[in-house]
Structure formats: C-alpha cells, structure tokens
Amino acid sequence: MEETHSKISFKNEVYRKGIHLSSSVIPFTYIFLSRQVEIIILVLIVSELILIDILRSKNENFSRFYLKFLGPILRGHEIDKNKYLFTGGTYLVMAFLICTIIFPKPVAVTSMFVAVFCDSMAAIVGKNLGKHFISNKTLEGSVAFFLTGIIIILLTPKFTDAVTEYYLGFIAVFLSSVFELIPIKIDDNISTPLFFGLVYFVLIKIFL
C-alpha cells in the first residue's frame, strides 16, 4: 500500500507501480498452469531475485550498476543495506510462492492479484489524492484498495458458483484494507497477500 512518508516522486511512484503491475503475469499464468509447474517457476524467480539482492548488498560495482537503473524508484529502506536485504519486488514474489504452496489455486490466484492491483491503486491514489492520514497511509488509498479488490473478486476464479463466495471475498478485501492501515514492520508486499489469502480461505472453509 502507499507510504505517504516515501521520498519517491509521484512520477517515479507510477514507474515503480508499473513494474509492480507487470508481476500480474504470474497469477494470470497460474490460472492455466499446474500447481507443481507454478512452484518450480516461482522457486527459480525467487532464487534469482535473492541472488541479485545479495550481489547488490555485497558487491559495490554491481550495486552502482543496479542503482543507476532502479535507484530512483527504490524506497529509502531498500537502498539502505543496513536495514533490509530484500527489495519489495523480492518480497512480493516470495509471497506468491508461499501463496501457491499453502492455498488452493483460486485463493492463491486471487491473493496475488490483490497484492498487485490493490496495492498499486492504493499507492497511486494515496500519493496523488491522499489528504486524510492514518499512520503513514491514507484513507483515500484504503478506499482505492477496497474498490479495486471488489473488481478482482468479481473477476477471479472461484470454488463454486455460489453468490456467497463473492460476499466472502468482499469481506476478506475489506478486512485486508483495514489491516493495511496497521503499522507493522513486515513488508506489505508479503503481509498483504498472505493476510488476504488466510482470511479468504478461512471464510470459505467456515461458510461454504
């Protein structure tokens, strides 16, 4: 979700979220791939991203090369090697892998799309229109998160044809938009999809 204290300009925030949105290819392809194949693909991607982050942290030449291209869209804590080793992108794909392993496909796919699109819309709306602050987030960003989530629930795969399943998805999205406002130290690229997926899955198990 958006961080109103970020020093990234709105233009670079849009670039950052453009890259973020490109990761939607992962849940989209998972709709057509088996769970086993998706896990293999994600393990390879996560391994590559971890290697890049380690090289960025340990090798000065690689770090300069990396920052030359991606520095303007990184947040302060991603550049500071003493704070976090991994970037938000690495955490996001890690979350995709965990979702694929622990959740059934409909829940995993929806969780990934929520992480990609809801977070992006919250960040862009909050950065550009946010006026009512809650912690380091904005109410406007939370509303954008929720409305985007409703669209995702309407379009993503479901377990059944029951209308109730859509309502459960709406509840999970609403709770996730509230959860996003809580200031926690876990990167929201990993906490958001896992929280949504867990709530959505539990609700389905209870009511369907």
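Visitor: What pattern does the protein chain follow, read along the sequence?
Guide: In this predicted model, the protein chain follows α-α-α-α-α-α-α-β-β-α-α-α when read along the sequence, which gives ten helices and two strands.

Visitor: And how many of the residues are buried, as a percentage?
Guide: Buried residues account for 47% of the 208 residues in the protein chain.

Visitor: Which residues touch the most other members in the largest nonpolar core?
Guide: Those are Phe 96 and Phe 196, in a core that holds 37 residues. The elements that give two or more residues to this core are H2 (25-30), H3, H6 (88-102), H7 (105-129), H8 (139-155), H9 (163-179) and H10 (188-207), and H7 gives the most, with ten residues.

Visitor: What is Phe 96 in contact with, leaving aside neighbours within four places in sequence?
Guide: With those neighbours set aside, Phe 96 is in contact with Ser 23, Ile 26, Pro 27, Leu 42, Met 112, Ala 115 and Val 116.

Visitor: Switching to helix packing, at what angle do the axes of H3 and H4 cross?
Guide: The axes of H3 (residues 35-58) and H4 (residues 60-70) cross at roughly 110 degrees and come within 6 Å, which means that H3 is roughly perpendicular to H4.

Visitor: Is that crossing left-handed or right-handed?
Guide: The crossing of H3 and H4 is left-handed. On the H3 side the contact is made by Ile 52, Leu 55, Arg 56 and Lys 58, and on the H4 side by Glu 60, Phe 62, Ser 63 and Tyr 66.

Visitor: How many of each class are in that contact?
Guide: The contact of H3 with H4 has four nonpolar, three charged and one polar residue.

Definitions and conventions. Residues numbered from 1 in each chain as written. Predicted model: local features only at pLDDT ≥ 70, side-chain atom pairs only at ≥ 80, totals over all residues. Heavy atoms only, no water. Axes fitted to C-alpha atoms, helices over the stretch in contact; angles between N-to-C directions. Helix = DSSP H or I, 4+ residues; strand = E, 2+ residues; numbered from the N terminus. Parallel < 35°, antiparallel > 145°, perpendicular 65-115°, else oblique. Left-handed = near helix turned anticlockwise from the far one by under 90°. Contact = heavy atoms within 4.5 Å. Nonpolar A, V, L, I, M, F, W, Y, C, P; charged D, E, K, R; others polar. Core = buried A, V, L, I, M, F, W, Y, C linked by side-chain atoms within 4.5 Å. Buried < 20%, exposed > 50% of the residue type's maximum accessible area, 1.4 Å probe, protein only.
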